[in-house]
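Here's a quick tour of one protein model, written for someone meeting it for the first time. Have a look at the sequence and structure below, then read on.

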Amino acid sequence: MSTRARAVLAVMLVLPLLALLACGDDDPAGPGGTTDTTAPQSVGTDPTSNDNGVGVSEEIRVTFSEAMKTSSATGNVTLSVGSVTDLTWENGDRTLVIDHTPWPEGTQVTVTIGSGIEDAAGNALGSDFVFAFWTDTSQ
């Protein structure tokens, strides 16, 4: 076999191999084979909805069904009274901790977690999550 024929044969054998290697793993499902398309849900709050006697400076905790994209909380948490001063995450990014300015005593506080908050896979909350409670009075 001539040198030229060997070179052509080598190219014909190597090209398909290079094409396969160039494809890479573009499967969005990842190694498990399934894609997370389920919207996260709130599975608990502290204080709880309709709670009474909540301390005027007590942190608020909202726990979700799965790990969340922490940056998506910014701009998606509002209070009817006072303002949010800090958002942090606990429990493997499943529990959002909300710090705030102190509330007046004997006041109903409504917390709204906007539908724009997302889980780690990018699935948004199905709709706004809203709950309310009452602050303590010193009387």
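## Strands, core and rings

L87 stands opposite I98 in β5. Before going further, note that this is a predicted model, in which local features need pLDDT of at least 70 and side-chain atom pairs count only at pLDDT 80 or more, while totals for chains, interfaces and linings use all residues. Residues are numbered from 1 along each chain as its sequence is written, and side-chain values use heavy atoms, with hydrogens and water left out.

Strands here are DSSP runs (E, at least two residues), numbered from the N terminus. Strands β4 and β5 run antiparallel and are joined by 6 bridges; two strands pair if DSSP finds at least two bridges between them. They belong to an open sheet of 4 strands, ordered β1-β2-β5-β4 with antiparallel pairing. At its edges sit β1 (42-46) and β4, each pairing on one side only.

Now for the inside. What does I113 touch, leaving aside its neighbours within four places in sequence? Its contacts (heavy atoms within 4.5 Å) include V62, F64, L96, I98 and F129.

There are 4 aromatic pairs too. Rings of Phe, Tyr and Trp (its six-membered ring) pair if their centres lie within 6.5 Å; planes under 30 degrees apart count as stacked, over 60 as edge-to-face and the rest as tilted. F64 and W89 have ring centres 6.2 Å apart and planes at 40 degrees, so this pair is tilted. It links distant parts of the chain, with F64 in β2 (residues 60-64) and W89 in β4 (residues 84-90), 25 residues apart. Elsewhere, ring pairs link W103, F129, F131 and F133 into a cluster.

| Residue | Relative accessible area |
|---|---|
| F64 | 0% |
| W89 | 18% |
| T107 | 17% |

Finally, T107 lies in the loop between β5 and β6. Its side chain reaches the backbone oxygen of E105 at 3.3 Å. Leaving aside neighbours within four places in sequence, T107 is in contact with V81, F133, W134 and T135.

Technical notes:
Buried means under 20% relative accessible area, exposed over 50%, partly exposed in between (1.4 Å probe, protein chains only). A polar contact is a pair of N or O atoms within 3.5 Å; within protein, one must be able to donate a hydrogen and the other to accept it, and residues adjacent in sequence count only if both atoms are side-chain atoms.
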